[in-house]
Amino acid sequence: MFLAIIVLYFYFSNSCNLVHYGHAIESPQYTVVHSESDFEVRLYTESSWMSAPVLGTTSFDFKESTKDDFHRLYEYIHGGNLNSSHIVMTAPVLTSINSSSSSGSDYFVRFYIPAKYGGNPPQPNPELNVQLVKWKSHCIAVRKFTGFANDDEINKEIEALVNSLNKQKSGKAAILEDKSYYSVAQYNASHHLSGRLNEVWINVSGFTAEGCPNYQGNY
């Protein structure tokens, strides 16, 4: 429900071109460096994200945490910043999950900052508890899935992606940065009942021959 209220946007093509009331929605830039039937590896350029955390929760699931966090990001892009600026909607809505937190699972919902800000967007109002995160260029393994994202479906898709990665490179496992840390990208408003697109993302560094930088760390 929360995404339906916030923005009307939909997936337009396999290259992640999106439209919003007839205008293209900006997304982080990437190049596909490796492709298989069930996943691909993308080399993303440097990017900036506004991140809203829910840390160490055992009571919230993916849906509740995404809703809670994105509410603060929605306020930020609709004037909840020191400039009282309105920032255009981007895609995807990204929920990063650290499932190995000692106090439960950590969730971080992220909004991609348009490139025109050069990594220096308006500062958020302090009470929103959101912060700017800058990503270096790095590679992400991506698996697409349809329907509505929920914990059971996400767990199944992440397991399938990890299994596929471990079979690659002529029997040599791809190097997963941390399989307990992954992200879910959502490209559709919640009222879109068909033709939905979601993705699970996990950082990899086992594709250096394809141009992936050897960088370790969570994003």
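Predicted model: local features only at pLDDT ≥ 70, side-chain atom pairs only at ≥ 80, totals over all residues.
**View 1. Tryptophan 49 and tyrosine 112 form an edge-to-face pair.** The structure holds 4 aromatic pairs, and in this one the ring centres of tryptophan 49 and tyrosine 112 are 5.6 Å apart, with their planes at 65 degrees, so the pair counts as edge-to-face because planes over 60 degrees apart are classed in that way. Tryptophan 49 belongs to strand β6 (residues 47-57) and tyrosine 112 to strand β8 (residues 105-112), so the pair ties together parts that are 63 residues apart in sequence. Tryptophan 49 counts as buried, at 0% relative accessibility, and tyrosine 112 is also buried, with a relative accessible area of 5%.

**View 2. Tryptophan 49 also pairs with tryptophan 135.** Here the ring centres of tryptophan 49 and tryptophan 135 lie 4.8 Å apart and the planes meet at 35 degrees, so this pair is tilted. Tryptophan 135 counts as buried, at 5% relative accessibility.

**View 3. Tyr30, Tyr44 and Trp201 form one aromatic cluster.**

**View 4. The charged end of arginine 196 sits over the ring of phenylalanine 148.** In this view, the distance from the charged end of arginine 196 to the ring centre of phenylalanine 148 is 4.0 Å.

Note on methods:
Residues numbered from 1 in each chain as written. Heavy atoms only, no water. Phe/Tyr/Trp six-rings, centres within 6.5 Å; stacked < 30°, edge-to-face > 60°. Helix = DSSP H or I, 4+ residues; strand = E, 2+ residues; numbered from the N terminus. Buried < 20%, exposed > 50% of the residue type's maximum accessible area, 1.4 Å probe, protein only. Lys NZ or Arg CZ within 6 Å of the ring centre and 35° of its normal.
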